[in-house]
Amino acid sequence: MSNNNRLYSLLLCSLFAALCAIGAFIKVPLAWLPITLQTFFSTLAGLLLGEKWGSFSICLYLVLGLIGFPVFTQGGGLGYVLKPSFGFLLALLPATFLTGFVYRRTKQRFSSAFCASLLGMFVIYAIGLPYFYLITNFYLGQTLTVPALFAACFLPTLPGDVLKCVVCALVSTRLAPILSGTRFHV
């Protein structure tokens, strides 16, 4: 990879890390878990940057938050690991990787972008929900049943997440040809 392509890739990774940080503060508050645009930008990173560079951008975002920069919804720092919602943040990394991995191996149309995005959202729920449950019940000492977990953290956010997948698929199919003119190597 040439230095120009590497610089371009790093700039895009930095841009998506910044977009995730901004997305943390664009939110719809709900009782337990706010709906934010972090998942939107992490999904878009997977679709547009691929599994390697998309994951790198999310890793950069997570490291910045864990070392103390206030880029998460409620701030930052290592103590954030003990917040129930941190599992959803942690899940952004494998979700972005899977989204990019699946999408790169398809014909890169709207339908494949949408399906790859849905797979990424599944990973976010598959990691985030158990993490939320475990931290709430065993660290915070509050009682949260599985039906209450789904009622608070899955059902209210699912329609918005499916809509995010649709918009990500639309945006990525429009932006991919623009980015392909100066395409970086993944």
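Reader: What does the secondary structure of the protein come to?

Author: This is a predicted model. Its secondary structure comes to six helices and two strands. From the N terminus on, the order is α-β-β-α-α-α-α-α.

Reader: What makes the protein as compact as a globular protein of that length?

Author: Set the value against the rule. The globule rule takes 2.2 Å times the number of residues to the power 0.38. For 186 residues that gives 16 Å, and the radius of gyration of the protein is 16 Å, so the protein is as compact as a globular protein of that length. Along its principal axes, the C-alpha trace spans about 55 × 35 × 25 Å.

Reader: Why is C59 called partly exposed?

Author: Buried means under 20% relative accessible area, and exposed means over 50%. C59 has 33% relative accessibility, so C59 falls in between and counts as partly exposed.

Reader: Where is C59 found?

Author: C59 is in helix α2, which covers residues 38–66. A17 lies 42 residues from C59 in sequence, yet their C-alpha atoms are 8.2 Å apart in space.

Reader: How many of the 186 residues count as buried?

Author: The share is 46%. To be counted, a residue must be under 20% relative accessible area.

Reader: What share of the contacts with a separation of 6 or more comes from residues 24 or more positions apart?

Author: Such residues account for 71% of those contacts. A contact here means heavy atoms within 4.5 Å.

Reader: What is the accessible surface of the protein?

Author: The accessible surface comes to about 9,100 Å². Carbon and sulfur atoms hold 73% of that surface.

Notes
Residues are numbered from 1 along each chain as its sequence is written. This is a predicted model: local features need pLDDT of at least 70, side-chain atom pairs count only at pLDDT 80 or more; totals for chains, interfaces and linings use all residues. Side-chain values use heavy atoms; hydrogens and water are left out. Helices (H or I, at least four residues) and strands (E, at least two) are DSSP runs, numbered from the N terminus. Buried means under 20% relative accessible area, exposed over 50%, partly exposed in between (1.4 Å probe, protein chains only). Accessible areas come from the Shrake-Rupley method with a 1.4 Å probe; for residues, only the protein chains shown count as cover.
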